[in-house]
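Hi,

Here is the structure I promised to pass on to you.

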Amino acid sequence: MSFWTPSTRPGIRGCRLRTLSTDDRSLLARAAAGDTSALDAVMTQYSGPIYRLAYGITRSAPDAEEVVQDVFLQIINKGAGFEGRAALGTWIYRIATNLSLNKRRGKRRELETSLDELLPTYLDDGHRAGDRAFLVADWSSTPERELLSGESRRLIEAAIDRLPEHYRAVLVLRDVEGLSNEEVAQIVGDTVSAVKTRLHRARMALREQLTRHLGRRA
Amino acid sequence: MTCREAIEVLDDYVDGVMPAELAAELERHLVGCEPCRAYLATYRKARALGAAVARAEMPEEMRARLRRFLADI
């Protein structure tokens with residue numbers, strides 16, 4: 001028996017960050033030199049992804065807007081010297097990640113909870129521990145439209161807010177931007193193993209919070 | 001395979017990067033384990049919902065401000 005859904009059959013989804021082409025290098029050099037059409041081209045291609053990542057980490061539209069502006073300042077200031085050892089996207093995502101994490105420093109930590117109490121617990125024999133009715137609660141057939149509105153949406157927003165910012169960074173880069181674990185590891189400057197662990201824990205924490213709320217209705 | 005071992009590797013299964021042999025072992029566990037089947041289904045759904053909610057599009061007025069900001073540099 002297979003438990004794959006049609007949309008998640010093997011073969012990793014998502015884009016791959018292409019390596020820097022001559023065109024990219026020329027575009028960056030022209031943008032750095034103040035060529036407005038080149039800057040416009042970079043903006044068209046990257047402002048959306050930069051904003052998504054910055055908002056995903058900071059969870060604040062004003063902070064994300066400042067990050068986007070700061071990323072473009074760095075592109076202008078440092079773009080001409082970019083040698084292309086990393087893919088252009090990796091370089092830009094890395095700048096955006098670092099600036100977003102800096103922006104978060106010292107902010108809203110009271111919202112963030114330890115993930116440990118949101119992870120599954122086990123008996124000595126390796127089976128799940130806990131009330132059986134809760135363990136088998138399956139709310140996954142609830143229509144997505146219903147889950148993405150009203151109280152459920154607010155719950156998901158709050159659950160994302162409570163994730164530590166480094167976890168949110170990985171969650172956005174993997175599950176929103178569709179990058180591979182290897183690409184995310186390059187961007188956040190960590191090992192693939194650490195990225196995988198963080199992503200899995202973040203998803204499990206989201207799942208747990210949703211199940212505590214929706215499982216009662218299942 | 002125990003529930004602990006199954007849940008530890010669910011991310012690779014859901015992301016489609018699990019080796020076939022391990023996936024087969026996991027699926028054998030899932031056939032006989034209702035809690036892990038529920039966990040997998042809700043994990044998969046939580047991943048999709050988290051991605052949908054975390055996906056914030058840049059507002060058009062912000063894009064216009066960025067354009068003005070860059071023009072003023």
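Let me begin with the contacts in chain A: of those with a separation of 6 or more, 72% are between residues 24 or more positions apart. Please keep in mind that this is a predicted model.

Chain A is built from ten helices and has zero strands, so the order of its elements from the N terminus reads α-α-α-α-α-α-α-α-α-α. Chain A has 218 residues, and 52% of them count as buried. Its exposed surface comes to about 10200 Å², with 51% of that supplied by carbon and sulfur atoms.

One element of chain A that I went through residue by residue is helix 9, which spans residues 181-188. Its buried residues are N181(A), E183(A), V184(A), A185(A) and I187(A). What covers them? Among the elements that do so are helix 4 (88-104), helix 8 (165-176) and helix 10 (192-214) of chain A. Just past the end of helix 9, G189(A) has a positive phi of about 70 degrees.

Now to chain B, where I looked at a pair of helices. Packed helices in general are described by the distance between their axes and the angle between those axes. For helix 3 (residues 20-31) and helix 4 (residues 34-54) of chain B, the axes come within 7 Å and cross at roughly 115 degrees. Helix 3 of chain B brings H29(B), L30(B) and V31(B) to this contact, and helix 4 of chain B brings C36(B), R37(B) and L40(B). Sorted by class, the residues of this contact are four nonpolar, one polar and one charged.

Finally, the cysteines. How many disulfides are there over all chains? A search of the whole structure finds zero. C33(B) is in no disulfide either: the nearest cysteine sulfur to its own is that of C36(B), 3.6 Å away. C36(B) is also one of the residues in the helix contact described above.

Are C3(B) and C33(B) buried or exposed? C3(B) has 2% relative accessibility and therefore counts as buried. C33(B), at 9% relative accessibility, counts as buried as well.

Happy to talk any of this through with you.

Best wishes

Note on methods:
Residues are numbered from 1 along each chain as its sequence is written. Chains are lettered from A and ligands numbered from 1 in the order in which they are written. This is a predicted model: local features need pLDDT of at least 70, side-chain atom pairs count only at pLDDT 80 or more; totals for chains, interfaces and linings use all residues. Side-chain values use heavy atoms; hydrogens and water are left out. A disulfide is a pair of cysteine sulfur atoms within 2.5 Å. Buried means under 20% relative accessible area, exposed over 50%, partly exposed in between (1.4 Å probe, protein chains only). Helices (H or I, at least four residues) and strands (E, at least two) are DSSP runs, numbered from the N terminus. Contact means heavy atoms within 4.5 Å. Accessible areas come from the Shrake-Rupley method with a 1.4 Å probe; for residues, only the protein chains shown count as cover. Axes are lines fitted to C-alpha atoms, for helices over the stretch in contact, and angles run from 0 to 180 degrees between N-to-C directions. Ala, Val, Leu, Ile, Met, Phe, Trp, Tyr, Cys and Pro count as nonpolar, Asp, Glu, Lys and Arg as charged, and the others, Gly among them, as polar.
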